[in-house]
Amino acid sequence: MGVEIVINGDSPYGTSARLEKMKKSLKMYVEKVKKFPGLAWKMIWKVGREDPRRVIHSIKVGLSLTLVSLLYLLEPLFEDIGQNAIWAVMTVVVVLEFTAGATLCKGLNRGFGTLLAGLLAFFIEYIATASGQIFKAIFIGAAVFLIGMSATYVRFVPYIKKNYDYGVVIFLLTFNLITVSSFRVENVLKIAHERIYMIAIGCGICLLMSLLVFPNWSGEELHDSTAFKLEGLAKSIQACVNDYFSEEEPKAANGESLEDPIYKGYKAVLDSKSTDETLAMYASWEPRHSRYCYRFPWQQYVKLGAVLRHFGYTVVALHGCLKTEIQTPRSVRALFKDPCIRVAREVSKALMELADSVSKRRQCSPEVLSDHLHEALQDLDTALRSQPKLFLGPNANSNTNMLALAAAQARQKSGKDFGISLSSVKTDTSALLEWRSKRASEQSKENDRKVLRPTLSKIAITSLEFSEALPFAAFASLLVEIVARLDLVIEEVEELGRLAHFKEFEPGDAVVSVICQTPKAENAKPMENHLPSHGAAE
């Protein structure tokens, strides 16, 4: 009858559809392959344009590897050194880091760890040889166990783990290699000597490149990042308040947009804990290149970063007020627009002044907290007091007894539910049937309640006479909290200036001004992360 039977979907139409789909997939794959070189070049160009020091560091690494490769390429050097030249190449790959402090830390750890391990291995080998061939293996095994256990346990000490963990790992590795090899190899002293010699050459090349050829200082990185975090907080606060009182409706977005300048400003602060601690640790290894050669207070930068993070938490909460489900009408916000914007402007101005003082290494202005901030707070307080019905409702006097009425109702309900005498408890089968029917009705009511819960909660909230004013009350409270926490930031910056011997503030120094507009996304540059790798590869 002309009816086509299809088994497992293997019809001509199904086969052609699959072929068409495969052709489309292959075409899309070819298009992606064609676009890959252009996308790769754009990414490479973007990475170098964001920080030209990355290009310089790459050239330094390539030049260092070329220098140590001469130990292999030049015949006279290869004949004197032999195959042990590979240790110099490995040292350059592992030790040479982005900043001078990281290179010094890893280079000195590697050098001293190797030297101490070699000396201890020679001592153990001398005692094992003097004790005779019978006890040599037992003595070496016991030494490896004791030294390995002790070195591993020492790594758990916080100070050692923070500053010398890499050196302990290199010490343990070198000691085991030399000690165990000495049992089978006759001329192990020569091998150990050549290895120490090669590691010294590799560390020397790394230190030369890191300290003398366009050096990148960890201290400078930490200093600049601190000033950048202060500027980011200032821009975030100003943009957040401007958006809150903007007449335009915000665009709906799922999640936190990475292009949001408000988010960019405080994100660098919240993510800076490990970065600050690592940079401060590496900066403590760097030489004193200031003209006074005093010990720079790098830990004060870490302490200031902790205060900025606590300050940033309030900015995060302030930003959250822009995305709450219940929003205060813009007509109500307009009543408090001027004092709030003035408070935000003065706070941002103070933060920008602190960032400028840190960036220029000078004491902050004595008038960093001007009288304008106090006047703006007073105006905000006056504006809030002038609108009591927004927060208390039209029947403010009748609402004073609401808590007492609610407490009485709760006591009455509690006594009704739980004040049951033992004599009223049923013990026959009718009680069981009654309980089951009651339980079924309660479950049906609970299911209906779960379905209606979101709608009922919204209705219950919006039915409150002061519900529309509550979001703004939270916003204003957080804004005042920011002003209160600003004092702690100023104290830490002043302490940093005192410990770091910043130059005194002069009346001729420029005062930072803040423009009341939302910063564009391209103006908010995130803090770069140039932390060195922490691998202990040999």
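**View 1. The loop that joins helix H9 to helix H10, with Phe214.** Phe214 sits in the loop that runs between helix H9 (188–212) and helix H10 (218–244), in a model that is predicted. The backbone of Phe214 has a positive phi of about 45°, although this residue is not a glycine. The relative accessible area of Phe214 is 58%, and because exposed means over 50%, Phe214 counts as exposed.

**View 2. The loop that joins helix H15 to helix H16, with Arg361.** Arg361 belongs to the loop between helix H15 (337–359) and helix H16 (371–385). Arg361 also has a positive phi, here about 55°, and it is not a glycine. With a relative accessibility of 30%, Arg361 counts as partly exposed, a class that lies between the cut-offs of 20% for buried and 50% for exposed.

**View 3. A network of salt bridges that includes Arg362.** Glu353, Asp356, Lys360 and Arg362 are linked to one another in a network of salt bridges. Within this view, Arg362 forms a salt bridge with Glu353, and the closest N and O atoms of the pair are 3.2 Å apart. Are these two partners, Arg362 and Glu353, buried or exposed? Both Arg362 and Glu353 are buried. The general idea behind such a pair is that side chains of opposite charge can pair when their charged atoms come close.

**View 4. The salt bridge between Asp271 and Lys267.** How many salt bridges does the structure hold? The structure holds 16 salt bridges, and one of them joins the side chains of Asp271 and Lys267, with a distance of 3.0 Å from N to O. Asp271 has a relative accessibility of 44% and is therefore classed as partly exposed. Lys267, at 34% relative accessibility, likewise counts as partly exposed.

View 5. The side chains of Glu481 and Arg485 meet in a salt bridge, at 3.0 Å from N to O. Both residues lie in helix H20 and are four residues apart, which is about one turn of the helix. The relative accessible area of Glu481 is 32%, so this residue is partly exposed, and Arg485, at 26% relative accessibility, also counts as partly exposed.

**View 6. Helix H13 beside helix H20.** The axes of helix H13 (residues 298–320) and helix H20 (residues 470–499) come within 9 Å and cross at roughly 170°. Because an angle over 145 degrees counts as roughly antiparallel, H13 and H20 are described as roughly antiparallel to each other. The residues that make up the contact of H13 with H20 divide into 18 nonpolar, three polar and five charged.

**View 7. A nonpolar patch of leucines on the surface.** Leu63, Leu67, Leu70, Leu73, Leu74 and Leu77 form a nonpolar patch on the surface, and together they have about 490 Å² of accessible area. Which helix gives the largest share of this nonpolar patch? The largest share, four residues, comes from helix H2 (residues 53–73). Leu63 is placed in helix H2, and its relative accessible area of 42% makes Leu63 partly exposed.

**View 8. Leu208 and Ser64, a pair separated along the chain.** Leu208 is found in helix H9, and with a relative accessible area of 45% this residue is partly exposed. Leu208 and Ser64 are 144 residues apart along the chain, while their C-alpha atoms are separated by 9.4 Å.

**View 9. Gly148 and Phe175.** Gly148 lies in helix H6 (residues 133–154). The relative accessibility of Gly148 is 16%, and because buried means under 20%, Gly148 counts as buried. Gly148 and Phe175 are 27 residues apart in sequence, and from C-alpha to C-alpha they are 9.0 Å apart in space.

**View 10. Ser272 and Leu308.** Ser272 lies in the loop between helix H11 (261–270) and helix H12 (273–283), where its relative accessible area of 0% makes Ser272 buried. The C-alpha atoms of Ser272 and Leu308 are separated by 9.7 Å, although the two residues are 36 residues apart along the chain.

Terms used
Residues are numbered from 1 along each chain as its sequence is written. This is a predicted model: local features need pLDDT of at least 70, side-chain atom pairs count only at pLDDT 80 or more; totals for chains, interfaces and linings use all residues. Side-chain values use heavy atoms; hydrogens and water are left out. Patches are made of residues with over 30% relative accessible area and no salt bridge: like charges are joined within 9 Å, nonpolar side chains (Val, Leu, Ile, Met, Phe, Trp, Tyr) within 5 Å. Accessible areas come from the Shrake-Rupley method with a 1.4 Å probe; for residues, only the protein chains shown count as cover. A salt bridge is a side-chain nitrogen of Lys or Arg within 4 Å of a carboxyl oxygen of Asp or Glu. Helices (H or I, at least four residues) and strands (E, at least two) are DSSP runs, numbered from the N terminus. Buried means under 20% relative accessible area, exposed over 50%, partly exposed in between (1.4 Å probe, protein chains only). Axes are lines fitted to C-alpha atoms, for helices over the stretch in contact, and angles run from 0 to 180 degrees between N-to-C directions. Angles under 35 degrees count as roughly parallel, over 145 as roughly antiparallel, 65 to 115 as roughly perpendicular and the rest as oblique. Ala, Val, Leu, Ile, Met, Phe, Trp, Tyr, Cys and Pro count as nonpolar, Asp, Glu, Lys and Arg as charged, and the others, Gly among them, as polar.
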